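This report is meant to be read slowly, with the sequence and the model side by side.

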Amino acid sequence: VDVSLFDYFEDVDNDDDEQIYTVTINTNGVLIQTDPINSVNGILTINTPCTLIGTAEITIEVEDTGAETITDTFTVTVTDDVGPVISCAQDMFYNVPVGMTATANFGSVTARDKVDPAPTLGFVPNASFAFPIGSTLVTCTATDASLNETIETFYVHVFEIQLTAGTRVLDVVSLRGDAAPDAGGSAGVPA
């Protein structure tokens, strides 16, 4: 973030670029790092690590060519306003015998956040829901400690299969081109 100090400090005796600007106090040096102030354009550049939030008080001293000084203090607040990133929220496919439902496995869906090391994930309906034959929309919500949310959706597709003597689930899955059973293929179907 760049702050124009020329807008904050006025000196009737000198041009802005003839004044010396100095950061004299920074109450949170871990959160806020400042570059040297550019005396030509009066820009104070404030840098913050993207993994921290909080506040700091910054005091600036300005000295003119007559050695007169003035100081001002302002508060910098760093907030987290970006939601987590959801990974692997893709449609899932399950095969079940006639009259059965499927239980989904959402273990491959994850969330990460630059500030919160452990954002929460919620699903509606949740994985223990008895998914019926057909396609069911699932809403996945990731929430970080600052209550920023990211929402993604995917479908759980459940297909009914007729098992006949000698037919194995793996044969049905590979003929249809669905995922293999251990990658989310079938639920509740004997081999």
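Strand S2 (residues 20–26) and strand S5 (residues 54–63) are paired in the antiparallel sense, over six bridges. Strands here, like helices, are DSSP runs numbered from the N terminus, with at least two residues (E) for a strand and at least four (H or I) for a helix, and two strands are said to pair if DSSP finds at least two bridges between them. The model is a predicted one, in which local features need pLDDT of at least 70 and side-chain atom pairs count only at pLDDT 80 or more, whereas totals for chains, interfaces and linings use all residues. Residues are numbered from 1 along each chain as its sequence is written, and side-chain values use heavy atoms, with hydrogens and water left out.

**The chain as a whole**

The secondary structure amounts to one helix and twelve strands, and from the N terminus the order is β-β-β-β-β-β-β-β-β-β-β-β-α. Of the 191 residues in the chain, 34% are buried, a term that stands for under 20% relative accessible area, with exposed meaning over 50% and partly exposed in between (1.4 Å probe, protein chains only). The chain exposes about 11000 Å², of which carbon and sulfur atoms supply 53%; such areas come from the Shrake-Rupley method with a 1.4 Å probe, and for residues only the protein chains shown count as cover. Among the contacts with a separation of 6 or more, 55% come from residues 24 or more positions apart, where contact means heavy atoms within 4.5 Å.

**The three-stranded sheet**

S2 and S5 belong to an open sheet of three strands, ordered S2-S5-S6 with antiparallel pairing. S2 and S6 stand at its edges with a single partner strand each, so one side of each has no neighbour in the sheet. Neighbouring strands of this sheet are turned by 25 degrees against each other on average, direction ignored; axes are lines fitted to C-alpha atoms, for helices over the stretch in contact, and angles run from 0 to 180 degrees between N-to-C directions.

S5 also pairs with strand S6 (residues 69–78), in the antiparallel sense and over ten bridges. These two strands form a hairpin with five residues between them, and Ala-67 in the turn has a positive phi of about 65 degrees.

| Strand joined to S4 | Bridges |
|---|---|
| S1 (residues 2–4) | three bridges |
| S3 (residues 33–34) | two bridges |

In these pairings, Val-3 stands opposite Leu-44 in S4, and Thr-34 stands opposite Ile-46 in S4. Thr-45 also lies in strand S4 (residues 43–47). Leaving aside neighbours within four places in sequence, Thr-45 is in contact with Val-1, Asp-2, Gln-33, Thr-34 and Asp-35. Its side chain makes a polar contact of 2.8 Å with the side chain of Asp-2, a polar contact being a pair of N or O atoms within 3.5 Å, of which, within protein, one must be able to donate a hydrogen and the other to accept it, and residues adjacent in sequence count only if both atoms are side-chain atoms.

Another open sheet has four strands in the order S8-S12-S11-S10, with mixed pairing. S8 and S10 stand at the edges, each with a single partner strand, so one side of each is left without a neighbour in the sheet. Within this sheet, S11 and S12 pair in the antiparallel sense over ten bridges, and the bridge partner of Ala-142 in S12 is Thr-150.

Which residues touch the most other members of the largest nonpolar core? They are Phe-106, Val-109, Phe-131, Phe-154 and Val-156, in a core of 18 residues; a nonpolar core is a set of buried Ala, Val, Leu, Ile, Met, Phe, Trp, Tyr and Cys residues joined through side-chain atoms within 4.5 Å. Strands S8 (92–97), S11 (134–143) and S12 (149–161) each give two or more residues to this core. Apart from it lies another core, of 16 residues, among them Tyr-21, Ile-37, Ile-46 and Ile-60.

Ile-133, in the loop between strand S10 (120–124) and S11, counts as partly exposed because its relative accessibility is 41%.
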